[in-house]
Amino acid sequence: MPPRTIKAAIQDALEDLTEKKFKKFCAALLDRRGEPRVKRSSVEGQDYITIAQVLVSTFTEPGALRITLELLREIDCNEESLRTVGLSIYDGGPSAGASHFVDTHRTALIQRVSTVPPLLDELLDRGIIKQEGYNTIMAQATSQARMRELYTGPLNACGSSGKDIFYKILEKLEPYLISDLRNN
């Protein structure tokens, strides 16, 4: 049997929730403090399939998995629901063993990202890197050196939520590269 997608695992876990727990999950999603935020209109009155789609489109699959697990724990969900959603397309097992897309494809991204200055501008605007880090990275001579500096410094320190934002920016600036890496 092929491994399930993260979106399918999230849908299964949300479908298994009681109506009361599902409403608590949606409320917790709306009350979440971190960025990016989910629009109230995207969540209120929606079914579990739509909520899974909102999670994946807002946070990317790895981010959606992490957020879903956090919210299920927050609403005191049982271990069975956590195990259901914990299945990952990355290794067919628990999500704890899964690597983030930007870590898995580190070498290819270092070699192939061509839009480093706009990428850094976006990361600076979103608070993933600070001005000092931006200046250090931009002082590097080549795109590859800049990407290496980004990986060894700020991207290494920002955690999975920062990597989710980095991934979203890459999807916007380098859509063909990301599509190619996803398909290979």
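How many nonpolar, polar and charged residues does the lining of the largest cavity have? By class, the lining has three nonpolar, two polar and five charged residues. Here Ala, Val, Leu, Ile, Met, Phe, Trp, Tyr, Cys and Pro count as nonpolar, Asp, Glu, Lys and Arg as charged, and the others, Gly among them, as polar.

The model is predicted: local features need pLDDT of at least 70, side-chain atom pairs count only at pLDDT 80 or more, and totals for chains, interfaces and linings use all residues. Residues are numbered from 1 along each chain as its sequence is written, and side-chain values use heavy atoms, with hydrogens and water left out.

A search of the whole structure found one cavity of 30 Å³ or more. A cavity is a set of points, on a 1 Å grid over the protein atoms alone, where a 1.4 Å probe fits but cannot get out; lining residues have an atom within 4 Å of a point. The volume of the largest cavity is about 60 Å³, taken as the space filled by probe spheres set on the points, which are joined across faces, edges and corners. Its lining consists of R32, E35, P36, T58, F59, R66, S161, D164, I165 and K168. Helices α4 (48-74) and α12 (159-173) each supply at least two of the lining residues. The most come from α12, with four. Helices are DSSP runs (H or I, at least four residues), numbered from the N terminus. Domain 1 (6-76) and domain 2 (101-183) both contribute to the lining, so the largest cavity lies between them. The domain bounds come from an automatic or database domain assignment.

Helix packing was examined next. Helix α8 (residues 116-125) packs on helix α9 (residues 131-138) at about 170 degrees, with axes 10 Å apart. Axes are lines fitted to C-alpha atoms over the stretch in contact, and angles run from 0 to 180 degrees between N-to-C directions. That angle makes α8 roughly antiparallel to α9 (over 145 degrees). P117, L120, D121 and L124 of α8 meet Q131, Y134, I137 and M138 of α9, where contact means heavy atoms within 4.5 Å. Six of these residues are nonpolar, one is polar and one is charged.

Helix α12 also packs against helix α13 (residues 175-183). The angle is about 115 degrees and the axes are 5 Å apart. That makes α12 roughly perpendicular to α13 (65 to 115 degrees). Y167, L170, E171, K172 and L173 of α12 contact P175, I178 and R182 of α13. Five of the contact residues are nonpolar, none polar and three charged.

Definitions and conventions:
On a 1 Å grid over the protein atoms alone, a cavity is a set of points where a 1.4 Å probe fits but cannot get out, and a pocket is an open set with protein on both sides within 12 Å along at least five of seven lines; lining residues have an atom within 4 Å of a point. Angles under 35 degrees count as roughly parallel, over 145 as roughly antiparallel, 65 to 115 as roughly perpendicular and the rest as oblique.
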